[in-house]
Amino acid sequence: MAMKRCPVCGEKYSDTYKDCPFCEEEAALREGGPIRRSGGRGGKRAAQRRPSLLSPVLILLILLMLALLAYLLFGDQIADKLGLGESAVPPVMDQTEPKPPVVDGVPGTEDGTEDPDAPTVPDTPDEPDGTGLDYAAASQLPAGLTLSTTDFSLFQVGETHTITVSGGSGSYQWFSQDEGVASVDESGKVTAVSKGDISIVVTDGEKQGTCIVRVKVPAAGTTTAPAVSDNGSGGSHTLNREDMTLSVGEKFQLKLSGVTTALTWSTTDAGVASVAGDGTVTGVAPGKTTITVSWDGASKSCTVYVKR
């Protein structure tokens, strides 16, 4: 059996057919009659592929997934570029009523005048002077400055005594515990003001030194200073200290006023403090002793405390 090709439709069919079965089939379909074949086992037209719907649907799904992914990753940026973000929403106007102005610390009315019924606003405290230190703050600093004396007495209003200081940065500030008892200036000069015992503190900003000042002025209504320690002396004789505190090795000169005769100085415990012929007392060891000056059968005494 051989195959031949139809010159009309181009299909191949067996040579057992007299005429092309494919052409006869198409002619029958056009005329609506039965299909007739001129003989043979019949031929098969080459199958024609129908278009598939799967490919367009798959492509559409892929596009939708890509669009969703782009929205999740870049949705905010896209919305901003399109003017659909939060910036495109008009701001909400503040519906609260405007506050009235403040006049000299007192809230005023809308026309700018002071409102007498409004509560007074407290004034803002003044800024500090820049030092940031006062007596309380300075006294809390660690000790470390050396003073010429750490305890002395003044016996008259206006009497002065200058304290010298060493160590530290060389730039010092002085503070009095009570300016009503004794004041101190920037050079360390202490001035007696009224009766009382206070402390003077000096600091370089990092360390401090403290000195006790005892102002022993006459009580109100008296005109003469009370005797310090007078045994048989009837004159006006004054010892410049009746008590004081020294450090070990520190020196201080006691002076007696109103006497021109020779003076004799003594100590009850030379192991605590010694005294020279001119009244200079030197701290020797921690403890307490009494320094006595004698003249013409009279004497005055000063209690001395020596600390480490």
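**A loop residue and its surroundings**

Reply: This is a predicted model. In the loop between strand 14 (238-239) and strand 15 (243-247) sits Asn240.

Me: Is Asn240 buried or exposed?

Reply: Asn240 is buried, because its relative accessible area is 17% and the cut-off for buried is under 20%.

Me: Which backbone atoms lie by the polar atoms of the Asn240 side chain?

Reply: The backbone oxygen of Gln253 is 3.3 Å from a polar atom of that side chain. The backbone nitrogen of Lys255 is 2.8 Å from a polar atom of the Asn240 side chain.

Me: And which residues is Asn240 in contact with, leaving aside neighbours within four places in sequence?

Reply: With those neighbours set aside, Asn240 contacts Ser153, Phe155, Phe252, Gln253, Leu254 and Lys255.

Me: Gln253 again. What stands opposite Gln253 in strand 20?

Reply: Thr280 does. Gln253 belongs to strand 16 (residues 251-253), which pairs with strand 20 in the antiparallel sense over 3 bridges.

Me: Where do the side chains of strand 20 point?

Reply: Strand 20 covers residues 280-283. Thr280 and Thr282 point one way, Val281 and Gly283 the other, and all are buried. In a regular strand, side chains alternate between the two faces of the sheet.

Me: How does strand 19 pair with strand 20?

Reply: Strand 19 (residues 273-275) is antiparallel to strand 20, with 3 bridges between them. Ser274 has Thr282 as its bridge partner in strand 20. Strands 19 and 20 form a hairpin with 4 residues between them. In the turn, Gly279 has a positive phi of about 90°.

Me: Different topic. What is the strand order in the open sheet of 4 strands?

Reply: The order is 6-13-12-9, and the pairing is mixed. Strand 6 (151-154) and strand 9 (173-176) are at the edges with a single partner strand each, so one side of each has no neighbour in the sheet. From one strand to the next, the twist averages 25°.

Me: Do strand 6 and strand 13 run parallel or antiparallel?

Reply: Parallel, joined by 4 bridges, with strand 13 made up of residues 208-215. Asp151 has Ile212 as its bridge partner in strand 13.

Me: What about the largest nonpolar core: which members touch the most others?

Reply: Phe152, Ile163, Trp174, Val190, Ile200, Val213 and Val215, out of 19 residues. Strand 6, strand 10 (182-184), strand 11 (189-192), strand 12 (196-203) and strand 13 each contribute at least two residues to this core.

Me: Take Val190. Which residues are in contact with Val190, again leaving aside neighbours within four places?

Reply: The contacts of Val190 include Phe152, Leu154, Ile163, Ile200 and Val213. Also among them are Glu159, Thr160, His161, Ala182, Ser183 and Val184. Apart from this core lies another of 18 residues, including Met244, Leu246, Ala273 and Ile291.

Me: Last bit, the whole chain. How many helices and strands are there?

Reply: The protein chain has 3 helices and 22 strands. Of its 308 residues, 29% count as buried.

Me: And what is the accessible surface?

Reply: About 20300 Å², with 55% of that belonging to carbon and sulfur atoms. As for contacts between residues at least 6 apart in sequence, 48% join residues at least 24 apart.

Technical notes
Residues are numbered from 1 along each chain as its sequence is written. This is a predicted model: local features need pLDDT of at least 70, side-chain atom pairs count only at pLDDT 80 or more; totals for chains, interfaces and linings use all residues. Side-chain values use heavy atoms; hydrogens and water are left out. Two strands pair if DSSP finds at least two bridges between them. Axes are lines fitted to C-alpha atoms, for helices over the stretch in contact, and angles run from 0 to 180 degrees between N-to-C directions. A nonpolar core is a set of buried Ala, Val, Leu, Ile, Met, Phe, Trp, Tyr and Cys residues joined through side-chain atoms within 4.5 Å. Buried means under 20% relative accessible area, exposed over 50%, partly exposed in between (1.4 Å probe, protein chains only). Contact means heavy atoms within 4.5 Å. Accessible areas come from the Shrake-Rupley method with a 1.4 Å probe; for residues, only the protein chains shown count as cover. A polar contact is a pair of N or O atoms within 3.5 Å; within protein, one must be able to donate a hydrogen and the other to accept it, and residues adjacent in sequence count only if both atoms are side-chain atoms.
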